[in-house]
Amino acid sequence: MRIILLGAPASGKGTQADKLGARFGVPKVSTGDMLRAALKAGTPLGKEAEKYMSAGGLVPDSVVIGLVEERLGEADARTGFILDGFPRTVPQAEALSALLQRLGTPLDGVVQIDVDRELLMERATLRRTDKRSGQIYHLKYNPPPPDAELEHRADDREETVKKRLDAYDAMTAALLPHYQRLGLLKRVDGVGEPAQITGRILSALGKN
Ligand code: AP5
Ligand code: MG
């Protein structure tokens, strides 16, 4: 199972990557999570990335490509992976395709999770994450248990979410025709219960 989840900020990539990863026993590979972990650890890479992330822009291609090359070379990614938030630009997609060719492991598909912009804003601003487990919650749609240690992402304030949505339209939307041309793109309606959306992704991939 080697797939890419494509979608705007807060479309549900992380939520679905967790479910699909658990179901197929393959890791979720999220460049956003990796960058936030570097930032928390205070590494030079984390400090460099923060400049772009806090402004709602994209981190330079060379930085994220390096992270993904290293991560996909690890043993647990050999049988598959769910890529969440990578690639985000055409050069990233080309670097990934060269890497997978070297590893001899082609993609099974690219799934676009489609959600209206208005709903995305609500999903992002009311998202909370458990600090300890990384579990993703939503104050309205998926309320956290009382003992969760909640964190509000710094880039989930309304103004920054708008910039992230603009960055998606300007850069990442170009990946849709790119993967369409390669015959890999499947589009899935991202509105509904999370479990329902997992079902749609599995049928789009012919895996259920
Ligand atoms: P990243 O962490 O990847 O953020 P993103 O793409 O903006 O996506 P999100 O994590 O915000 O949303 P999601 O789609 O995972 O949704 P989720 O499942 O949490 O990137 C952050 C930053 O890092 C970027 O801005 C950039 O600076 C940098 N970066 C990362 N990768 C990069 C790259 N490749 N190149 C360059 N820069 C990069 O769901 C959202 C909310 O909705 C949650 O509260 C959830 O509970 C709720 N929800 C989920 N599904 C449903 C549903 N079906 N119904 C109702 N609510 C739902
Ligand atoms: Mg995410």
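Arg200 sits in helix α9, which spans residues 194–204. In this predicted model, Arg200 has a relative accessible area of 26%, so it is classed as partly exposed. Setting aside residues within four places in sequence, Arg200 is in contact with Val188, Asp189, Gly190 and Val191. Val115 lies 85 residues away from Arg200 along the chain, and the C-alpha atoms of this pair are 14 Å apart.

Stepping back to the whole chain, there are 9 helices and 8 strands. The radius of gyration comes out at 16 Å, close to the 17 Å that the globule rule gives for 208 residues, so the chain is as compact as a globular protein of that length. Taken along the principal axes, the C-alpha atoms fill a box of roughly 45 × 40 × 35 Å. Of the 208 residues, 46% are buried. As for how the chain contacts itself, take the contacts between residues at least 6 apart in sequence: 69% of these join residues at least 24 apart.

Next come the helix pairs, starting with α2 and α3. Helix α2 covers residues 31–41 and helix α3 covers residues 44–53; the two pack at an angle of about 120°, and their axes are 7 Å apart. The crossing of α2 past α3 is left-handed. On the α2 side, the residues that meet α3 are Gly32, Leu35, Arg36, Ala38 and Leu39, and what they meet in α3 is Leu45, Gly46, Ala49, Glu50 and Met53. Sorted by class, this contact has 6 nonpolar, 2 polar and 2 charged residues.

Helices α4 and α5 make another pair. Here residues 61–72 form α4 and residues 90–103 form α5, with an angle of about 25° between the packed helices and 10 Å between their axes. Angles under 35 degrees count as roughly parallel, and α4 and α5 are therefore roughly parallel to each other. Their crossing is right-handed. From α4, the residues involved are Asp61, Val64, Ile65, Val68, Glu69 and Leu72; these meet Pro91, Gln92, Ala95, Leu96, Leu99, Leu100, Arg102 and Leu103 in α5.

The axes of α6 (residues 117–125) and α7 (residues 158–170) come within 10 Å and cross at roughly 130°. These two helices are therefore oblique to each other, and the crossing of α6 and α7 is right-handed. Helix α6 brings Arg117, Leu120, Met121, Ala124 and Thr125 to the contact, while α7 brings Glu158, Val161, Lys162, Leu165, Asp166 and Asp169. By class, the α6 and α7 contact holds 5 nonpolar, 1 polar and 5 charged residues.

His178 belongs to helix α8, residues 175–181. With a relative accessibility of 13%, under the 20% cut-off, His178 counts as buried. Leaving out residues up to four places away in sequence, His178 touches Val90 and Ala93. Val90 falls within α5, the helix of residues 90–103 that packs against α4.

Two backbone details turn up in loops. Phe86 and Pro87 are joined by a cis peptide bond, with omega at about -5°. Pro87 is found in the loop between β3 (81–84) and α5. The other detail concerns Ala10, where phi is near 70°, a positive value in a residue other than glycine. Ala10 is located in the loop between β1 (2–7) and α1 (13–24). Ala10 also counts as buried, at 13% relative accessibility.

Key. Residues numbered from 1 in each chain as written. Chains lettered and ligands numbered in written order. Predicted model: local features only at pLDDT ≥ 70, side-chain atom pairs only at ≥ 80, totals over all residues. Heavy atoms only, no water. Axes fitted to C-alpha atoms, helices over the stretch in contact; angles between N-to-C directions. Helix = DSSP H or I, 4+ residues; strand = E, 2+ residues; numbered from the N terminus. Parallel < 35°, antiparallel > 145°, perpendicular 65-115°, else oblique. Left-handed = near helix turned anticlockwise from the far one by under 90°. Contact = heavy atoms within 4.5 Å. Rg over C-alpha atoms; globule rule 2.2 N^0.38 Å. Buried < 20%, exposed > 50% of the residue type's maximum accessible area, 1.4 Å probe, protein only. Nonpolar A, V, L, I, M, F, W, Y, C, P; charged D, E, K, R; others polar.
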